[in-house]
Amino acid sequence: MNTVIADRLSKTYAQTNKALDQVSFSLGKGEVFGFLGPNGAGKTTMVKLLNGMLEPTEGSCLVCGIDPAVHPEKMHRIAGVVTEHAQMYDHLTGYENLVFYGTLFGIGGSESQTRAQILLERLGLNDAKDKKLAAYSTGMRQRLSLARAMIHRPEVLFLDEPTSGLDPESAQSVNQMIKQLAKEDGTTVFLCTHQLRYAQEICSSYGLIDEGVLLAQGTIEQLRAMVFSGMTVTIRADDIPAEILSHRTGVNEYEISVESEEDIPPVIRQIVDQGGNIYRVTAKRMSLEEIYFALIEERKGGGRR
Amino acid sequence: MINSMQMALIKKDIKSITANKRMFSVILIVPLVLTVFMPSIFILSAYFVPEETSDFQQLLELLPSSQQTGDLTRMIMALTINNIMPMFFAIIPIMAASVMAASSFVGEKEKRTLETLLYCPLTLKQIFYSKILASFVMSMAVSLISFLGMTVVTQVEILLLTGSMLLPDINWVVILLLVAPAVSLIAITMIVRGSAKAQTVEEAQQRAAFLILPIVLLMVGQFTGFILISVWILLGFGAILAVIAWIYMQSAMRKVTYEMVLN
């Protein structure tokens with residue numbers, strides 16, 4: 001069963017500013033979906049629509065079978081949200097904040113305390129749990145927000161730029177936790193970010209958005225197939241035979257495109273057979289970033305809309 | 001009617017104010033001035049320099065004959081307790097409700113904690129009613145404590161100066177049970193309605209300050225001897241306020257949407 005379904009979802013602000021245009025996708029249980037695009041692409045609008053904070057201009061959405069525009073409070077029971085606009089109370093300690101949000105989600109006092117303690121330990125905040133939030137760094141606040149979003153064990157987590165402001169070490173521990181949640185608890189994660197490299201590390205599928213239009217959706221393989229499914233091989237050699245179709249990128253450095261790894265050995269053999277010396281060979285598939293820019297390019301060229 | 005989740009929100013809102021020294025001191029200082037210092041000044045001047053209080057002459061003439069006891073000092077003291085103080089007192093629930101509601105609605109918006117609350121499994125109306133109730137409870141508590149404080153201080157003063165007490169009359173029942181709750185609710189609703197536009201707590205509080213205007217007009221009327229606030233006027237005034245408060249709050253609540261709150 002699909003956990004999150006968006007069906008031709010559109011949102012227009014002030015009758016003219018189209019933030020989202022006919023966006024459709026569906027996410028399965030335990031999927032980590034990266035909703036990727038530059039600032040202002042419509043990512044936060046999508047999170048707000050999926051949480052019932054905004055009413056769609058057109059289309060509809062369902063989260064675990066609940067329409068957030070009709071029953072937002074029921075939908076909130078099974079969803080957790082982290083956004084930069086959803087902060088916690090500075091005059092309370094980290095622990096007090098979590099216990100408060102626990103009770104706000106209908107969890108009993110002692111159960112809230114137990115869960116708060118577990119989450120604080122899991123997110124490495126145990127030493128700071130009795131400090132007022134005012135003394136927390138941005139990274140600590142971000143981790144506490146994540147703990148807050150998980151206190152009621154949601155089935156779906158909406159994370160809007162969850163690692164912004166985190167140091168690399170904290171970002172890595174947050175990543176591991178997100179992966180673990182999806183894998184072990186079957187939590188569906190809807191992750192918005194403009195950091196494409198970061199998304200590639202943890203997401204199992206992607207939606208690429210630009211100016212409110214969903215450019216593509218699928219796994220990285222599916223997205224590659226839309227642009228170029230082959231590989232780019234970089235070869236450092238003193239000479240490359242003319243019959244090999246290559247593109248010179250630097251001194252003794254050439255780039256060739258192949259369909260698969262099987263195509264690489266014949267090329268190497270050919271260079272060596274003709275007396276060329278090879279110093280280095282690297283092969284890579286298109287990264288998410290490259291796919292994204294290729295798709296944007298394609299759209300701007302008028303190929304897609 | 002109120003579930004445990006709403007109760008958690010109400011407790012948190014009240015605790016936020018009592019833990020904030022700056023806000024809490026505002027809530028305490030105004031009632032202290034209005035209910036302890038001011039009546040004391042009236043009572044002491046009525047006792048020591050009754051002739052100086054001739055400004056009250058026109059007002060005293062308006063008093064019903066049953067209260068025209070002939071003892072000028074005690075008449076002025078009775079006028080202070082039962083006719084003048086109730087008007088000043090009405091400022092207290094307006095002030096307490098505005099400070100509390102501004103912190104509860106606009107303060108949360110300013111500190112970006114309101115959006116977090118909206119993601120909890122309560123309807124928007126439940127969240128708003130909880131917050132209104134928190135402000136209302138706080139405002140009523142401050143009003144009641146102020147009244148008790150004023151009564152103790154003024155009665156001790158009057159007892160020491162004149163040998164017998166002058167207990168508050170029925171005006172106070174109307175003030176405490178009708179006028180104070182109604183003006184609190186109006187002040188809170190004004191803040192709630194303005195909270196979509198107001199970006200800072202101060203901005204929101206300024207709106208509620210307009211509520212003090214009709215009270216000032218009543219005071220002017222009273223001091224110039226134009227009207228005497230009798231229990232019937234007060235009752236009618238309170239009933240009208242209560243109806244306005246209820247209609248005003250209901251219409252404000254009908255318009256509340258997530259989009260408006262997050263704007």
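Visitor: How many helices and strands does chain B have?

Guide: Helices (H or I, at least four residues) and strands (E, at least two) are DSSP runs, numbered from the N terminus. Chain B has twelve helices and zero strands, and its pattern along the sequence is α-α-α-α-α-α-α-α-α-α-α-α. Please note that this is a predicted model, in which local features need pLDDT of at least 70 and side-chain atom pairs count only at pLDDT 80 or more, while totals for chains, interfaces and linings use all residues. Residues are numbered from 1 along each chain as its sequence is written, and chains are lettered from A and ligands numbered from 1 in the order in which they are written.

Visitor: What percentage of the residues in chain B is buried?

Guide: A residue is buried if 20 or more other C-beta atoms lie within 10 Å of its own, exposed if 12 or fewer, and partly exposed in between, with C-beta atoms placed from the backbone. In chain B, 40% of the 263 residues are buried.

Visitor: Which helices of chain B supply residues to the side that touches chain A?

Guide: Two residues are in contact if their C-beta atoms, placed from the backbone, lie within 7 Å. By this rule, 21 residues of chain B are in contact with 20 residues of chain A. Helix 1 (4-19), helix 6 (114-118) and helix 12 (258-262) of chain B each supply at least two residues of that side, and the largest share, seven residues, comes from helix 1 of chain B.

Visitor: How are the strands of the sheet in chain A arranged?

Guide: Strands of a sheet pair through backbone hydrogen bonds, either parallel or antiparallel. Two strands count as paired if DSSP finds at least two bridges between them. In chain A, three strands form an open sheet in the order 2-1-4, with antiparallel pairing. Strand 2 (17-28) and strand 4 (58-63) of chain A stand at the edges with a single partner strand each, so one side of each has no neighbour in the sheet. Strand 1 (residues 2-13) and strand 4 of chain A are joined in the antiparallel sense over five bridges; Ala6(A) stands opposite Cys61(A) of strand 4.

Visitor: At what angle do helix 3 and helix 4 of chain A cross?

Guide: Axes are lines fitted to C-alpha atoms, for helices over the stretch in contact, and angles run from 0 to 180 degrees between N-to-C directions. The axes of helix 3 (residues 94-104) and helix 4 (residues 109-122) of chain A come within 8 Å and cross at roughly 130 degrees. Helix 3 of chain A is therefore oblique to helix 4 of chain A; angles under 35 degrees count as roughly parallel, over 145 as roughly antiparallel, 65 to 115 as roughly perpendicular and the rest as oblique. Among the residues that make the contact are Leu98(A) of helix 3 and Ala116(A) of helix 4.

Visitor: Why is helix 3 of chain A said to be largely enclosed by the rest of the structure?

Guide: The reason is that ten of its eleven residues are buried, including Asn97(A) and Phe100(A). The buried residues of helix 3 of chain A pack against helix 4 and helix 5 (138-150) of chain A together with helix 1 of chain B. Just after helix 3 of chain A, Gly106(A) has a positive phi of about 80 degrees.

Visitor: Where is Ile66(A) found?

Guide: Ile66(A) lies in the loop between strand 4 and helix 2 (72-77) of chain A. Ile66(A) is partly exposed because 19 other C-beta atoms lie within 10 Å.
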